[in-house]
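Please read the following points alongside the sequence and the model.

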Amino acid sequence: MDITLQNFEADLIQASMQQPVLLDIWAPWCGPCKSLTPVLEKLEVAYAGRFKLAKCNADEQPEISGQLSQMFGVRSIPFCVMFKDGQPVDGFVGALPEAQLREFLDRHVPSAEEMAADEDVAAAEELLAEGDTESALEKLQEAVAIDPANDTARYDYLRALLLAGRVAEARRAFEPVASKVMLDARLAAAGHWIDASEKAPSARSPDVLAAAIAANRRDFDARFELAQTHFAAQRFTEAMDELLEIVMRDKTWNGELARKTYVAILELMSKPAPKSAEAAAPKSTLEVAAKINTAPADPVVDQYRRKLSMALF
């Protein structure tokens with residue numbers, strides 16, 4: 001695949017949002033280039049789709065090769081640049097031996113296990129959209145088994161289990177990553193959902209809780225219990241309404257538990273950002289910086305984000 005200014009955005013920037021792309025900058029007169037390119041082509045086949053190889057003729061595309069050379073501070077070819085998620089992230093100069101090329105690739109491309117897990121996750125998302133929850137759960141369970149460190153697969157698995165009401169299984173699947181909730185908002189949200197689902201069966205009835213709140217609007221324990229009941233039943237906006245009442249009256253109640261639970265529900269309701277660039281690059285200039293991707297707008301989520309912001313500030 002030859003990269004030019006005309007296809008730079010589509011075949012390099014956007015393509016790297018889906019899989020890593022290694023750009024080989026070469027020239028016909030360059031002897032080392034002639035020895036490097038066949039090895040890279042061999043590795044592209046050996047890595048079986050884990051990265052894509054692209055080429056750029058430095059003589060024919062001086063804008064591209066020049067800007068990348070300036071960015072990395074290099075003055076010679078062959079010069080290879082790895083693109084991931086729309087950005088140039090690393091590179092090397094010279095005709096490296098195959099062993100060093102593999103070391104470079106292994107730092108940036110997904111493992112075979114990660115690829116298999118990602119394929120299972122993608123298949124599971126289609127099955128969930130079709131309403132086939134059981135088949136989706138099988139795919140997600142397999143993805144987590146193949147690659148236990150794949151937090152995206154685990155989050156999707158947890159979410160599918162909770163949507164299916166399989167709380168005990170969700171708790172078991174959550175335990176291996178419970179210590180990571182401070183680093184991953186998705187896993188933290190799943191943890192809050194599991195807590196709510198575990199407590200809901202022993203909660204007081206909604207009528208009893210509503211009576212307690214009517215008698216004392218600052219009965220935050222009753223409000224939170226009612227919010228947990230709504231949360232477990234996937235009545236997310238009703239849960240946030242009760243949590244917001246707590247936040248407005250006492251932001252720090254119970255270690256900010258109401259705010260944290262509210263944020264968890266927003267996370268669960270939010271759609272993921274699309275893995276594609278938003279717009280094509282101008283044809284007259286080269287832009288190596290990726291476009292900023294944002295999640296599709298959800299008016300309900302946006303409304304409740306504003307409500308929380310107003311309550312906090």
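Predicted model: local features only at pLDDT ≥ 70, side-chain atom pairs only at ≥ 80, totals over all residues.

1. Which residues bring H7 and H9 together? From H7 come Asp151, Thr152, Tyr155, Leu158, Arg159, Leu162 and Leu163. They meet Arg186, Leu187, Ala190, Trp193, Ile194 and Ser197 of H9. As background, an α-helix has 3.6 residues a turn, so residues three or four places apart point the same way.

2. A second pair is formed by H11 and H12, whose axes come within 7 Å and cross at roughly 160 degrees. That angle makes H11 roughly antiparallel to H12. This crossing, too, is left-handed. Among the residues in contact are Phe220, Phe224 and Phe231 of H11, and Phe236, Leu243 and Ile246 of H12.

3. Helix H13 covers residues 253–269. At 1.5 Å a residue, its 17 residues should span 24 Å, and the end C-alpha atoms are 24 Å apart, so the two values agree.

4. Which residues of H13 are buried? They are Trp253, Ala258, Thr261, Tyr262, Ala264, Ile265, Leu266, Leu268 and Met269. The cover over these buried residues includes both pairs described above, H7 with H9 and H11 with H12, as well as helix H14 (299–312).

Terms used. Residues numbered from 1 in each chain as written. Heavy atoms only, no water. Helix = DSSP H or I, 4+ residues; strand = E, 2+ residues; numbered from the N terminus. Expected span 1.5 Å × (residues − 1). Buried < 20%, exposed > 50% of the residue type's maximum accessible area, 1.4 Å probe, protein only. Contact = heavy atoms within 4.5 Å. Axes fitted to C-alpha atoms, helices over the stretch in contact; angles between N-to-C directions. Parallel < 35°, antiparallel > 145°, perpendicular 65-115°, else oblique. Left-handed = near helix turned anticlockwise from the far one by under 90°.
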